[in-house]
Amino acid sequence: MANVNELMNGWGFGKQTAIGTANTTATIWRHTNLNTKPWAKVPVNEDDRAEIGKGHEFPTALFKSHYNMPTYEISKYASSEILAWGMAFSLGNVVVTGTGPYTYVIVPALGATNPTGLELPYFSFVQQIRPGGSAVLDEILVGCAIKGWKLSIKNSPGRASAMFSCECVATGQYTTPSGITLPAVATPHEFNAGMITALTVNGINYLTGGSGKQFVSMDASWENNFRPGFFPGSGTQDGYQIQGRFEWGDRAFAIQFVVRVQSGSTEYANLINQTTGTATITFTRDAQNSFTMTVQKMGFNVVELSNTDGIATLQITGVQLYDPTNGLLTVSVTTPQAGICQ
Amino acid sequence: MAAQLVFLESPQGDEIKEVEATPEKLSPLLSQGWHQVPAPAKHETVVLAPKEDK
């Protein structure tokens with residue numbers, strides 16, 4: 001018996017060399033996780049109830065089917081380390097420079113030109129409870145990928161004002177015991193909403209000027225819409241079929257945000273005039289830790305008058321357009337952590 | 001401080017370019033499918049000095 005707060009999570013900050021080749025200890029970090037659940041492994045059996053010839057309708061035998069791995073959420077307060085990691089593994093095209101701190105410039109990979117086609121980088125996920133000779137849990141899941149993420153910013157004190165969570169998928173391949181000695185828990189350089197140094201959406205600056213102090217909250221999200229990865233030769237684990245690839249489908253990038261309504265609010269005009277512009281969000285903690293997300297061309301799909309905690313607000317749904325020159329989205333993260341997605 | 005330089009390879013794999021590692025310079029290339037590669041074995045970074053007016 002063990003309390004779940006003994007659960008230790010580690011995962012690859014470096015990418016696996018292949019979907020079936022686990023990260024080594026050198027490229028695995030250990031982080032805390034606001035999601036308190038372990039990542040469940042779900043082998044599925046099937047039976048013969050649908051087959052005639054048995055003399056009755058009841059099942060008589062079990063057959064191994066596949067590993068039906070649920071998605072798993074890594075939920076963190078936003079930090080330079082976790083944002084660099086999440087963006088790199090979910091978007092795919094990464095350039096790194098520097099010798100400490102390191103700056104990662106990241107854009108969504110294109111299927112036509114990505115060296116690994118429709119597949120993103122893979123990482124391994126380690127979960128342990130009392131590892132050692134009598135471990136309650138000690139396993140490494142191999143071939144994990146980021147299905148999607150959500151970045152939330154809101155008016156509130158402390159770390160909860162800037163949250164980042166990732167939905168991850170796994171093939172079903174694992175090794176137990178993991179053979180990994182997890183390092184000490186990392187101390188990420190976290191951001192909060194007070195560290196936002198740029199917040200401009202479609203020509204409206206929400207930090208200074210007439211629309212300063214009007215911002216309430218924002219949710220940005222990315223979804224890779226992976227296709228199922230079962231195919232001939234995809235592999236087995238314990239006699240159960242596992243997935244051998246995660247290929248992105250129609251990816252989706254969504255942004256919704258809320259601002260206070262005021263005399264002269266220009267959001268309605270931007271919607272009606274179909275005005276488009278960049279959207280830039282920057283966190284700056286110090287010279288070693290910063291994050292900038294630039295949406296290259298954004299318009300407004302819906303602007304709805306609403307009520308947020310008693311304040312008249314506008315709830316705005318953005319439309320992120322693909323710019324022919326600069327693409328859809330560019331993320332730049334500076335962090336002390338080397339080797340992310342390398 | 002001068003921007004750092006990185007090597008990018010074209011989507012077709014037939015060209016390697018040395019580029020300033022700024023989001024403004026990288027975005028158009030990365031969005032077209034250029035990706036980072038290690039520095040070529042033999043390369044020389046030439047900094048062109050501006051011509052003096054005669």
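**Close-up 1. S165(A) sits in strand β10 (residues 162-170) of chain A.** Helices (H or I, at least four residues) and strands (E, at least two) are DSSP runs, numbered from the N terminus. This is a predicted model, with local features needing pLDDT of at least 70, side-chain atom pairs counting only at pLDDT 80 or more, and totals for chains, interfaces and linings using all residues; side-chain values use heavy atoms, with hydrogens and water left out. Residues are numbered from 1 along each chain as its sequence is written, while chains are lettered from A and ligands numbered from 1 in the order in which they are written. S165(A) counts as buried because its relative accessible area is 14% (buried means under 20%, exposed over 50%, partly exposed in between, with a 1.4 Å probe and protein chains only). Skip its neighbours within four places in sequence, and S165(A) is in contact with E73(A), I74(A), S75(A), G148(A), W149(A) and K150(A); contact means heavy atoms within 4.5 Å.

**Close-up 2. I242(A) is in the loop between β16 (240-241) and β17 (252-260) of chain A.** Buried or exposed, I242(A)? It counts as buried, at 5% relative accessibility. I242(A) and Y67(A) are 175 residues apart in sequence, yet their C-alpha atoms are 5.6 Å apart in space. Not counting residues up to four places away in sequence, I242(A) touches a list that includes Y67(A), T171(A), G172(A), F230(A) and Q237(A).

**Close-up 3. Strand β1 (residues 8-12) of chain A is mostly covered.** Here 5 of its 5 residues are buried. M8(A), G10(A) and G12(A) point one way from β1(A), and N9(A) and W11(A) point the other way. β1(A) runs antiparallel to strand β8 (residues 123-129) of chain A, joined by 4 bridges, and N9(A) has Q127(A) as its bridge partner in β8(A). β1(A) also pairs with strand β2 (residues 28-31) of chain A, antiparallel and over 4 bridges, with W29(A) as the partner of W11(A). Two strands pair if DSSP finds at least two bridges between them.

**Close-up 4. Chain B has an open sheet of 3 strands in the order β2-β1-β3, with antiparallel pairing.** β2 (16-20) and β3 (35-37) of chain B are the edge strands, each pairing on one side only. From one strand to the next, the twist averages 50 degrees (axes are lines fitted to C-alpha atoms, for helices over the stretch in contact, and angles run from 0 to 180 degrees between N-to-C directions). Strand β1 (residues 5-9) of chain B pairs with β2(B) over 5 bridges; among the partners, E9(B) bridges to I16(B).

**Close-up 5. Helix α1 (residues 23-31) of chain B lies across β1 and β2 of chain B.** The helix runs at about 150 degrees to β2(B). Its buried residues are L26(B), S27(B), P28(B), L29(B), L30(B) and S31(B). These pack against β1 and β2 of chain B, and also against β6 (92-97), β7 (102-108), β19 (289-308) and β21 (329-335) of chain A. After α1(B) comes G33(B), with a positive phi near 105 degrees.
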